[in-house]
Amino acid sequence: MTAPLLQAVGLTKRFGGLVANDAIDLGVSEGQVHAVIGPNGAGKTTLLAQLNGELKPDRGTIHFDGRDITALPTATRARLGLARSFQITSVFASFSAVDNVALAVQGQERHSFRFWRDASGDPALAEPAERALERVGLADRSHVPASALAHGQKRQLELAMALAMRPKLLLLDEPMAGMGVEESAAMVTLLAGLKAEVPILLVEHDMDAVFALADQITVLLHGRVIASGPPAEIRRNAEVREAYLGEDAAAGDG
Amino acid sequence: MAGARRRKIALACLLGFLVLLPPVALAAGEPFYVSLFTRILITALAAASLNLILGFGGMVSFGHAAFVGIGGYVVGIAFVHASDGTLFLGLLPGTVSGFVVLPLAMIVAGLVALPIGAICLRTTGISFIMITLAFAQMLYYLMISLRRYNGQDGIAVWQRSELPWPIDLDDRMSFYYVALAVLLAFLYGTHRMVNSRFGRVLRAAKDNERRVRALGFHAYRYKLAAFVIAGAAAGLSGALLVNSTGFVGPSYLEWHRSGDLIVMVVLGGVGTLFGPVLGAGALMLLEEFIPELLNGLADGLGEHWKIFLGPILILIVLYARRGLMGLVDGSLGGSLLRRLRPEPPPGKPPRRRR
């Protein structure tokens, strides 16, 4: 078996007296959806922030695509192909949908110190952007200002931006947050279709989505990994049931 | 869009006014207005350069006048050495050649802006405001301490920068059109810049810098580049201002000059292309004429003219984020009317019976 694309070893992050992440080991391989679940405050977002470089770990290392990225800043990691979407929708409200995605395309260029030429007329940005919008089902909304999109559409736009980064790995922070049942189902189908092409690290509260998509599940509680394995194993794990899945999983099984 | 159309018509009128002003004023025997508007155009350049970082990049610099002052001192110091034949730092001869001092003012101001920006841009928000102010104050006191250049008293620059025929800064009309051309060139450059790839990164970083980094941009570098460009343009404004007033001193770098520039940008419309021009014009015309008007009402009232400016600013901040530009394209009137119209909020529950 080849080494995982993303490998975190012993990631530890403290905020004062609180240990938000305690010696977390995690790997994501090609072709996989690896879901991270856990109750609120378990340290999922802290973990994502360390993986994409917004937080520096107190201890531990992160390897991505064969190199040590532990000390690299966020922007450099993004250029290496580590694409993150955000839990709280953070598209650029004053830009149109297609311009949001075009900016993500632009982020993969060598530099953007180009001061003169109008970027909006540039097919090198607009064409890949339109393709990403089409992929997530927003092609007909491309010239709508992002601020005017419905909530679910903003979540789709977030994903389009991540896709436009030509990612080697997607870090998705609750892509279904605040979505209706139908929208969630559409997103699950979309993500299922993506995973052959780009592996996904998925942080998500929607258990139906997690169990529908994940090949591996890691469960966090109070900053520690309490279980990690394929979904069937996680379902059976007594500690996980008690700590987190509770009645839902039991009912689902029954 | 009606707003865009109104804006175009208004800007065409503004341009026409600015182009025709000198011959009309001279024909009417009021050369003073040509000089006044020359100063307004030069100050508008400084305000527009601040708007590049404040309006489009979200960087509220409270030390922008320092770069205006640096540009001014380049002209002043070059003049001192040219007039007494000494060498600057024992190395460089002085000059009054516009081809040398005007670009040099930009380069020096940009070079000063580079390390200052590099440090200040490590912070955001209030810290950024305070640290830019602190650097500006340091430069202010540095200028006061320069005894060779008359410290507090500054330098009387009685020879204007020389430019090739037909440009002659000693001629009011010629100087006015130079200032107008430089301002319009900068505004056009800004227009190109904010719509370029660079500008998109800058504007996006104003919205959400964290997101910009996650897309792969080293946001800091782009903000720093904008800070240096704005500093250089402010330096050019300072160099022209010295030519216009015949004086440069530490007062150029005073903190309330930086404050005035912020006021001009806010008054005119943050993040709009022509807003700073309107803001500079409005503030400087008020400054020129309100005191006189007030003194006509009551003796000594003119000194306190800023009392009247304060409420105007508060109204603009409260009701019109786009300032005077909002007035031009009609969005100010709309929002003001909406706020003033007494309208019961929808869905208000009926009053309870006693």
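## Basis of the model

This is a predicted model, in which local features need pLDDT of at least 70 and side-chain atom pairs count only at pLDDT 80 or more, while totals for chains, interfaces and linings use all residues. Residues are numbered from 1 along each chain as its sequence is written, and chains are lettered from A and ligands numbered from 1 in the order in which they are written.

## Overall build of chain A

Chain A has nine helices and ten strands. Helices (H or I, at least four residues) and strands (E, at least two) are DSSP runs, numbered from the N terminus. The radius of gyration of chain A is 19 Å, close to the 18 Å that the globule rule gives for 254 residues, so chain A is as compact as a globular protein of that length. That radius is taken over C-alpha atoms, and the globule rule is 2.2 Å times the number of residues to the power 0.38. The C-alpha trace of chain A spans about 60 × 40 × 40 Å along its principal axes.

Of the 254 residues in chain A, 45% are buried. A residue is buried if 20 or more other C-beta atoms lie within 10 Å of its own, exposed if 12 or fewer, and partly exposed in between, with C-beta atoms placed from the backbone. Among contacts in chain A with a separation of 6 or more, 66% are between residues 24 or more positions apart. Two residues are in contact if their C-beta atoms, placed from the backbone, lie within 7 Å.

## The six-stranded sheet

An open sheet of six strands in chain A has the order β6-β7-β8-β3-β9-β10, with mixed pairing. Two strands pair if DSSP finds at least two bridges between them. β6 (82–85) and β10 (224–229) of chain A are at the edges with a single partner strand each, so one side of each has no neighbour in the sheet. From one strand to the next the twist averages 15°. Helix α5 (residues 151–164) of chain A lies across β6 and β7 (169–173) of chain A and runs at about 170° to β6(A). Axes are lines fitted to C-alpha atoms, for helices over the stretch in contact, and angles run from 0 to 180 degrees between N-to-C directions.

## Strand β9 and its partners

Five of the six residues of β9(A) are buried, so the strand is largely enclosed by the rest of the structure. Strand β9 (residues 216–221) of chain A pairs with strand β3 (residues 33–37) of chain A in the parallel sense over four bridges. V36(A) has T218(A) as its bridge partner in β9(A), and I37(A) has V219(A).

With β10(A), β9(A) pairs in the antiparallel sense over five bridges. T218(A) has S228(A) as its bridge partner in β10(A). The two strands β9(A) and β10(A) form a hairpin with two residues between them, and H222(A) in the turn has a positive phi of about 50°.

## Domains and the chain contact

An automatic or database assignment sets the domain bounds: chain A has domain 1 (1–81 + 168–254) and domain 2 (93–166).

Between chains, 26 residues of chain A are in contact with 19 residues of chain B. α2(A) gives the most to the side of chain A that touches chain B, with four residues.
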